[in-house]
Amino acid sequence: MYIDYLKNDYSNKKEQEREEYIARDKKHLAGLIQERITNDIEHIVDRWYELDDIGYIPENEKFLYLLKEAEQLYGFAYYTGTVSIIGIAAEEYCRYLIRKYNLTDVDKQYDRINKLADNGKLTTQMKSTFHRIRTIRNDCMHYDDNFKNLSDTQLKAYALEMVQLYKSCLSLSVIPLDEN
C-alpha cells in the first residue's frame with residue numbers, strides 16, 4: 001500500500017492563514033524526518049563506515065556527485081536507489097574516460113567498456129568490474145524477477161558491492177594524499 005498524503009490542501013483558506021498552516025506542517029514534517037534519523041542514527045553511521053575510502057579525486061565531474069548521492073542513499077538504507085545511481089555513475093565515468101582519451105563514444109555501456117579496454121585504458125580487472133556493475137544495474141533498472149525477489153539483506157549486499165566496485169574503478173583518477 002502507498003498513501004501519498006503529505007500535504008494538506010489549504011486552498012480554501014486566506015493566503016495569510018494558508019501560509020501559517022503550511023509553515024506549521026513543514027515544521028511537523030521536519031520533526032518526523034529528524035525523529036527517523038535519530039531513531040536510526042547508529043545504523044546510518046554503521047552503514048557509512050562500511051564504505052571504503054578512496055582518497056582524493058581532483059575532477060569536478062558528475063560521476064563524483066553521483067557517487068556522493070549513492071553513498072548517502074546507502075547510508076539511509078535506500079539500496080535500490082544506490083544500485084541505480086552507481087550504475088549511472090559508472091556509465092558517466094566511462095563517458096568521461098572516453099572524452100579524456102579522445103575516443104569516439106558509442107551508444108551502449110557494454111560497447112563503451114570494451115572500447116576502453118581494447119584501447120588499453122582499462123585493465124582486464126577494471127573491464128570485468130565495470131561489466132559486473134552494468135549487469136547488476138541492468139537487473140535493477142529492468143526490475144527483473146530475480147531482483148524483485150531479493151531480501152533486504154541481499155539487496156544491501158548488492159548495494160554495498162556496487163559502491164565498492166565503482167570506487168575500485170575510480171583508481172584511474174585518485175591522487176594519493178600525503179599521509180603526514
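Is arginine 99 buried, exposed or partly exposed? Arginine 99 is partly exposed, because its relative accessible area is 44%, a value that lies between the cut-offs of 20% for buried and 50% for exposed. The points below concern a predicted model.

1. Arginine 99 forms a salt bridge with glutamate 61, in which the closest N and O atoms are 3.9 Å apart. This pair links distant parts of the chain, since arginine 99 belongs to helix H3 whereas glutamate 61 sits in the loop between H1 and H2, 38 residues apart. Glutamate 61 is likewise classed as partly exposed, with a relative accessible area of 25%.

2. A further salt bridge joins the side chains of glutamate 91 and arginine 95, with an N to O distance of 3.1 Å. Both residues lie in helix H3, where four residues, or about one turn of the helix, separate them. Glutamate 91 is buried, with a relative accessible area of 18%, while arginine 95, at 27% relative accessibility, counts as partly exposed.

3. Glutamate 91 also meets arginine 112 in a salt bridge, at 3.7 Å from N to O. Here again the pair links distant parts of the chain, with arginine 112 in helix H4 (residues 109–118) and glutamate 91 in helix H3, 21 residues apart. Arginine 112 counts as buried because its relative accessibility is 0%. Glu91, Arg95, Asp105 and Arg112 are linked in a network of salt bridges, and the count of salt bridges in the model comes to 10.

4. Helix H3 (residues 79–100) packs with helix H5 (residues 124–141) at an angle of about 135°, the two axes being 9 Å apart. H3 and H5 are therefore oblique to each other, and their crossing is left-handed.

5. The axes of helix H2 (residues 62–75) and H7 come within 11 Å and cross at roughly 155°, so the two helices H2 and H7 are roughly antiparallel to each other. The crossing in which H2 passes H7 is left-handed.

6. Threonine 153 lies in helix H7, which spans residues 152–169, and counts as exposed at 63% relative accessibility. From C-alpha to C-alpha, threonine 153 and glutamate 91 are 26 Å apart in space, and they are 62 residues apart in sequence.

7. On the surface, Leu6, Leu29, Leu32 and Ile33 form a nonpolar patch whose accessible area together is about 360 Å². Within this group, leucine 29 is found in helix H1 (residues 15–50) and counts as partly exposed, at 31% relative accessibility.

Key:
Residues numbered from 1 in each chain as written. Predicted model: local features only at pLDDT ≥ 70, side-chain atom pairs only at ≥ 80, totals over all residues. Heavy atoms only, no water. Patch = residues over 30% accessible without salt bridge, like charges linked within 9 Å, V, L, I, M, F, W, Y side chains within 5 Å. Areas by Shrake-Rupley, 256 points an atom, 1.4 Å probe, with all protein chains shown as cover. Salt bridge = Lys/Arg side-chain N within 4 Å of Asp/Glu carboxyl O. Buried < 20%, exposed > 50% of the residue type's maximum accessible area, 1.4 Å probe, protein only. Axes fitted to C-alpha atoms, helices over the stretch in contact; angles between N-to-C directions. Parallel < 35°, antiparallel > 145°, perpendicular 65-115°, else oblique. Left-handed = near helix turned anticlockwise from the far one by under 90°.
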